[in-house]
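Student: Could you walk me through reading a helix crossing and a strand in a model like this one?
Tutor: Gladly, let's look together.

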Amino acid sequence: MMENNTNGWGGVRIGDECTGAEILMRALYTESVKTIFGYPGGAIMPVYDALYDRTRGKDAWFDHILVRHEQAAAHAAEGYARASGEVGVAIVTSGPGVTNTLTGVADAMMDSTPIVVIAGQVGVGALGTDAFQEVDLVGVAQPITKWAYQIRRPEDVAWAVSRAFYIARSGRPGPVVLDFPRNAQTGKCKWEPLKVDSVRSYVPYPKLDVQKVEEAAALINHAQKPFALVGHGVELAGAQDELVGFLEKADIPAGRTLLGLSALPTHHPLNMGMLGMHGSYACNMKTQECDVLIAIGMRFSDRITGVPSRYAPHAKIIHLDIDRAEIDKIIKTDVAVIGDCKESLPAITRLLERKDHREWKASFKKYQEMENEKVIQKDIHPTSGPLLMGEVTHVVSEATKGNAILVNDVGQNQMISSRYFSYEKNRSIITSGGFGTMGFGLPAAIGATFGAPDRTVCFFCGDGGFQMSIQELGTIMEQQAPVKMILLNNNYLGNVRQWQDLMFHKRRSFTHMMNPHYAEIAKGYGIPYDVVIERKDLKEKVEKMLTTKGPYLLECAIKEDEDIVPMTLPGKSVDEMQLELNY
């Protein structure tokens, strides 16, 4: 930070008078913000005026990405954060501008994604009068944020921004919303840089309990059938190396949650697959057989556990998590190790005995072979019939050699692409896990291209989710964001259709979709487009997509009534997972 360099602060000296909007620029610069996603409007215009000089010329501080809908600003900030490991930033106006972002804010809260949303607001004098585009943002946002705060004076801007970034990125990350009334944007005060590095009563990194570490290590050392569940917390902590060291020393097979898929490389010998409703058959079956279950940075969501009372019935449960609120919330633990897993994993590893669990690991093979025969080979290597989602994913993954970032939307496309994509690098999957937000994927993919500009971003979506944020093709057009869009078009809301077939006697109520001509839409936005109908053309057209500079839309005409298996039906335990669906 260039505190004493007047030029570094745009010619403004520390102690000079600035508007609240200008102080915001300096506060964001202090936090090393490089990219901002946003949409201007009346109540945030002073901030956008201050942005004018900070986004132009060789001395520009920020890139501002104009999205086409405010919800996309929040999702793009999420994609940026997930790809880069930094805090994502969105700036929007008051009223509907910021309420449009709240779906993205709730999504970020569920998936522990650090973003800061800064919203315009009517002046303090007009608050409570139902002024034009007024909303009680703090009241609405508090339940779905780590912190929501209204900045009423320009004197509070630097403090509020620094505190917002500290809270968003520390401990278990999450979203922060700042409500910024117009008078605080235009009012002036003396500017002083400020750095918040603590908040009273907020303990983001709990001190490790040595006794709990010892108890966890003892359970693992005596285990005959240990099994690890690897969650998103590993990547949030940057603890991938520590995870591998832990697993390898004690020879522990592991399953990964949807959000934790790239925390352990796909082809690591201890990786047994994906957990959950549509995860690996072996992982689900062996959860019920293990004698020690080690949950690492995951929250035992309902999509992982099935019926909680019948989950892992023979296992002692060890739970490693930074958030004390997650302990015993769903599954009762025997040993809880509260803390950052970048610290707790090596602490336990130091106490572990080197083990060889070859027989236990080999027992997974039976279930893996069953799934491979009944599901995987049929999904990725079909010999006849329409294109399948699995084979499209497999071809794209093979072509990118496990080095791309997978972004997906929600539904069948999400489950299939997550299952069959390969992950060899950290931070390689960006998906809406806990909130399941359709429309998340396209703006999140745009954000990812800015968060990781050196990586290929492959975005898989269904026709339903694509149409929920299709206006963001305008953002892609303007920015030439190099998103490789793979549209899996089956003319259905596929996931809902599958559940209707299973549980509502195939009464497909309003799940069939009439689609537009995507070729014409792509042409209108100046985005290269192709369509795959015949299997023989798939590899060639995928290669063309990947080698074309900039964005690309590849539409794939897939089987209309394809089902996602394996599947654990609602109300079933995880060992009741089905490899074939019975209608």
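Tutor: Helix α3 (residues 70-84) and helix α19 (residues 441-451) have axes that come within 6 Å and cross at roughly 40 degrees. This is a predicted model, where local features need pLDDT of at least 70, side-chain atom pairs count only at pLDDT 80 or more, and totals for chains, interfaces and linings use all residues. Residues are numbered from 1 along each chain as its sequence is written, and side-chain values use heavy atoms, with hydrogens and water left out.

Student: What are axes and helices here?
Tutor: Axes are lines fitted to C-alpha atoms, for helices over the stretch in contact, with angles from 0 to 180 degrees between N-to-C directions. Helices (H or I, at least four residues) and strands (E, at least two) are DSSP runs, numbered from the N terminus.

Student: Which residues of α3 and α19 make the contact?
Tutor: Contact means heavy atoms within 4.5 Å. From α3 come A72, H75, A76, G79, Y80, A83 and S84; α19 supplies P443, A444, G447, A448, F450 and G451.

Student: How do I read a strand's two faces?
Tutor: In a regular strand, side chains alternate between the two faces of the sheet. In strand β15 (residues 405-408), I405 and V407 lie on one side, L406 and N408 on the other, and all are buried (under 20% relative accessible area, with exposed over 50% and partly exposed in between; 1.4 Å probe, protein chains only).

Student: Which residue of β17 stands opposite L406?
Tutor: C458 does. Strands pair if DSSP finds at least two bridges between them; β15 and β17 (residues 457-462) pair in the parallel sense over 4 bridges. β15 also runs parallel to strand β16 (residues 429-430), joined by 2 bridges, with L406 opposite I429.
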